[in-house]
Amino acid sequence: MEGHFFQKLILIGLLFSCSSQVSEPLPFDTGVLRHGDLICRYGDGFFSKYFRMVSDSVSDFSHVGFVHISGDSIHVIHSEASELTFVGFVHRDPLELFLKDVNSWGIYRLDQPDSIKNLMMDIAYDYHRKKVPFDMDFSLKDDSELYCTELIATCINRAVGKEMILPKTVIMGKAGYSVDDTFLVDGIFEVTKSVEPN
């Protein structure tokens, strides 16, 4: 009798854990997305407020990545570090995971031919494949380590062959890229966004 009771408890626990893992619906129709779009978010993470306020004016967003579409799957390539260990690298996460617990989001598109956008995404995917570490020093000396907006700027600039994205913001006493620096530039336009009031 006691064994049956514990079996029922385990079954209930398994059912609860499975039901709690059901993904939330995405906040927009994924049909608007194109390979190479920039996707920004403002989440509830520990560092979100800091990175949001790095911009000259308080940004709507705290993080940015590239939309990576392969067949029917949609992922986001972005550089992120753990808020507990401060260790991170260039990730390729499912879109649902990237947008989990997100309050505000925006999608932006590079006004360039597909050949340039595909080259940009090849560069980004190569950084992911190499698991390039997150740059905790926020240094622009090279691409051996990349923080989130540095990844975006580096890939775009390399693909277009010029400094389209400029480091206009001071981060930890050095020139760096804020989230706004990556998409508030000529040649990048807004597709859609949703921003919750502060």
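Which residue forms a salt bridge with Arg-41, and how far apart are the closest N and O atoms? The partner is Glu-80, and the closest N and O atoms of the two residues are 2.6 Å apart. The legends below return to this pair after an overview.

This is a predicted model, in which local features need pLDDT of at least 70 and side-chain atom pairs count only at pLDDT 80 or more, while totals for chains, interfaces and linings use all residues. Residues are numbered from 1 along each chain as its sequence is written, and side-chain values use heavy atoms, with hydrogens and water left out.

**Figure 1. Overview of the protein chain, with its six helices and eight strands.** Helices (H or I, at least four residues) and strands (E, at least two) are DSSP runs, numbered from the N terminus. Along the sequence, these elements of the protein chain follow the pattern α-β-α-β-β-β-α-β-α-α-β-β-α-β. Of the 198 residues in the protein chain, 43% are buried, where buried means under 20% relative accessible area, exposed means over 50%, and partly exposed lies in between (1.4 Å probe, protein chains only). Among contacts (heavy atoms within 4.5 Å) between residues at least 6 apart in sequence, 65% join residues at least 24 apart.

**Figure 2. Helix 4 and the elements that cover its buried residues.** Helix 4, residues 114-129, has 16 residues and reaches 22 Å from its first C-alpha to its last, close to the 22 Å expected at 1.5 Å a residue; the expected span is 1.5 Å times one less than the number of residues. Its buried residues are Ile-116, Lys-117, Met-120, Met-121, Ile-123, Ala-124, Tyr-127 and His-128. They lie on the same side of helix 4 because they cover an arc of only 155° around the axis, the arc being that of the directions from the helix axis to the C-beta atoms. An α-helix has 3.6 residues a turn, so residues three or four places apart point the same way. The cover over the buried residues of helix 4 includes strand 2 (63-70), strand 3 (73-81), strand 4 (88-94), strand 5 (104-110) and helix 5 (148-160). On the face of helix 4 turned away from the buried side are the exposed residues Asp-114, Ser-115, Asp-122 and Arg-129. Just after helix 4, Lys-131 takes a positive phi of about 50°.

**Figure 3. The aromatic cluster formed by Phe-61, Tyr-108 and Phe-183.** Rings of Phe, Tyr and Trp (its six-membered ring) pair if their centres lie within 6.5 Å, and planes under 30 degrees apart count as stacked, over 60 as edge-to-face and the rest as tilted. By this rule there are six aromatic pairs. The rings of Phe-61 and Phe-183 have their centres 6.0 Å apart and their planes at 65°, so this pair is edge-to-face. Phe-61 lies in the loop between helix 2 (48-53) and strand 2, whereas Phe-183 lies in helix 6 (residues 179-183), so that the pair links distant parts of the chain, 122 residues apart. Phe-61 is buried at 1% relative accessibility, and Phe-183 is buried with a relative accessible area of 5%. Between Tyr-108 and Phe-183 the ring centres are 4.1 Å apart and the planes are at 25°, so this pair is stacked. Tyr-108 lies in strand 5 and Phe-183 in helix 6, so the pair ties together parts that are 75 residues apart in sequence.

**Figure 4. Arg-41, its salt bridge with Glu-80 and its place over the face of Phe-98.** A salt bridge is a side-chain nitrogen of Lys or Arg within 4 Å of a carboxyl oxygen of Asp or Glu, and a search of the whole structure finds eight of them. Glu-80 lies in strand 3 and Arg-41 in strand 1, so the pair ties together parts that are 39 residues apart in sequence. Glu-80 is partly exposed, with a relative accessible area of 27%, whereas Arg-41 is buried, with 12%. Arg-41 also lies over the face of Phe-98, at 4.4 Å from the ring centre; a charge sits over a ring if NZ of Lys or CZ of Arg is within 6 Å of the ring centre and within 35 degrees of the ring normal.

**Figure 5. The salt bridge between Arg-109 and Asp-37.** The closest N and O atoms of Arg-109 and Asp-37 are 2.7 Å apart. Arg-109 lies in strand 5 and Asp-37 in the loop between helix 1 (2-20) and strand 1 (38-42), and the pair links parts of the chain that are 72 residues apart. Both Arg-109 and Asp-37 are buried.
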